[in-house]
Amino acid sequence: MNTVTPAAAHASAAERANLSGRTALVTGAGSGIGRACAAALAAAGAEVHAVDRDGDAVREVALAVGGTAHVADLADLDAVAALPGEVDVLVNNAGFQHVASLGEFPAERFELMHRVMVTAPLLLMQRCLPHMRGGGWGRIVNVSSVHGLRASANKAGYVAAKHALEGLSKVAAVEGAPHGITSNCVNPGYVRTPLVERQLDDLAAAGREDPLGSVLLDRTPVKRLLEPEEVAAAVVWLCGPGSGFVTGSSLTLDGGWTAN
Ligand code: NAD
């Protein structure tokens, strides 16, 4: 019999995640969204493994959040295999953009995007799942994008890799469910991070006027960039007490971009 009353469920959903005693691994933790996730998960009590190929940045983040830095290039699958596996919360966040028309998209760049944004998350899930299953609890959060759900021109590698990550996340949700493991994607629109600042610089260099308003936010009803901390708050919520039934989902944080 289900003994959780709506009022109790409401109260528990309002509780903050308490991740004391839990271990979290965040990829791409040296910058932007990953950095904010590392900070928010540490603030919720988790012991954080911060992973990035940028050694200086990831050491700085680990120091700031009281976690452990791991310098690894996720394109190197042997380096991924050496990362910690005793992890309760896995945040697959590292990623990058490459802008080129489909006809000119370099195949090696396309493959690299898939290695970093799909194959590395698969290998990390494989590493962490035994520990999660053993403890009967695990949270996998995959930082996808609105481009995991929709396409834009000139982003073939990114759109294809994020759609693949969505599929991987759903399989992890289905296989993880009997073991208390959830797997979800978060799907941000444009976030104020170096990744987006580089796109704005490129658009300005190409002579586009008002690249933020007229290009990036053109389709976004809420006319501002998303902050990395807002994405991190969603990631922490997915690890908290009110979200155990949320799995296999794609949580858009896009100011209405996909609705428009
Ligand atoms: P960012 O460029 O600020 O940070 C990405 C981090 O990942 C960097 O520290 C970088 O060194 C690291 N990284 C990249 N490739 C790596 C590799 N091969 N091995 C190890 N580390 C690597 O980017 P961000 O905006 O914080 O993006 C983080 C994630 O969020 C990405 O997956 C991105 O696709 C996604 N995302 C970003 C936005 C946005 O608007 N910024 C929107 C939707 C989704």
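Helices (H or I, at least four residues) and strands (E, at least two) are DSSP runs, numbered from the N terminus. In these terms, Arg53 belongs to the loop between β2 (47-52) and α3. The model discussed here is a predicted one.

**Helix α2 and its partners**

Helix α2 consists of 12 residues. From its first C-alpha to its last, α2 reaches 17 Å, which is close to the 16 Å expected at 1.5 Å a residue. The buried residues of α2 are Gly32, Ile33, Gly34, Ala36, Cys37, Ala38, Leu41 and Ala42. After α2 comes Gly45, which has a positive phi near 110°.

Two packed helices are described by the angle between their axes and the distance between the axes.

| Helix pair | Axes come within | Crossing angle |
|---|---|---|
| α2 (residues 32-43) and α3 (residues 55-65) | 10 Å | roughly 20° |
| α2 and α9 (residues 228-238) | 8 Å | roughly 50° |

Angles under 35 degrees count as roughly parallel, and α2 and α3 are therefore roughly parallel to each other. Their crossing is right-handed. On the α2 side, Arg35, Ala38, Ala39 and Ala42 take part, and they meet Glu60, Val61 and Val65 in α3. Sorted by class, this contact has five nonpolar residues, two charged residues and no polar ones.

With α9, the axes of α2 cross at roughly 50°. That angle makes α2 oblique to α9. The crossing of α2 and α9 is right-handed. From α2, the residues Gly32, Ile33, Ala36, Cys37, Ala40 and Leu41 meet Pro228, Glu229, Val231, Ala232, Val235 and Val236 in α9. The contact of α2 with α9 comprises 10 nonpolar residues, one polar and one charged.

An α-helix has 3.6 residues a turn, so residues three or four places apart point the same way. With this in mind, the reader may trace the two sets of contact residues along the helix. Ala38 and Ala42 are among those of α2 that meet α3, while Ile33 and Cys37 are among those that meet α9.

**Residues in the loops**

Is Arg53 buried or exposed? Arg53 has a relative accessibility of 59% and counts as exposed, because exposed means over 50%. Apart from neighbours within four places in sequence, Arg53 is in contact with Val71, Ala72 and Asp73. Pro221 stands 168 residues from Arg53 along the chain, and the C-alpha atoms of the two are separated by 35 Å.

The loop between β5 (138-143) and α6 (156-176) holds Ser145. At a relative accessibility of 5%, Ser145 counts as buried. Which residues does Ser145 contact, leaving aside its neighbours within four places in sequence? They are Tyr158, Lys162, Glu166, Val186, Asn187 and Pro188.

Asn154 is likewise placed in the loop between β5 and α6. Asn154 is partly exposed, with a relative accessible area of 36%. Although Asn154 is not a glycine, its phi is positive, at about 70°. Asp210, another residue other than glycine, has a positive phi near 45°. Asp210 occurs in the loop between α7 (194-205) and α8 (211-216).

Methods: Residues are numbered from 1 along each chain as its sequence is written. This is a predicted model: local features need pLDDT of at least 70, side-chain atom pairs count only at pLDDT 80 or more; totals for chains, interfaces and linings use all residues. Side-chain values use heavy atoms; hydrogens and water are left out. Axes are lines fitted to C-alpha atoms, for helices over the stretch in contact, and angles run from 0 to 180 degrees between N-to-C directions. Angles under 35 degrees count as roughly parallel, over 145 as roughly antiparallel, 65 to 115 as roughly perpendicular and the rest as oblique. A crossing is left-handed if the near helix is turned anticlockwise from the far one by less than a right angle, and right-handed if clockwise. Contact means heavy atoms within 4.5 Å. Ala, Val, Leu, Ile, Met, Phe, Trp, Tyr, Cys and Pro count as nonpolar, Asp, Glu, Lys and Arg as charged, and the others, Gly among them, as polar. The expected span of a helix is 1.5 Å times one less than its number of residues. Buried means under 20% relative accessible area, exposed over 50%, partly exposed in between (1.4 Å probe, protein chains only).
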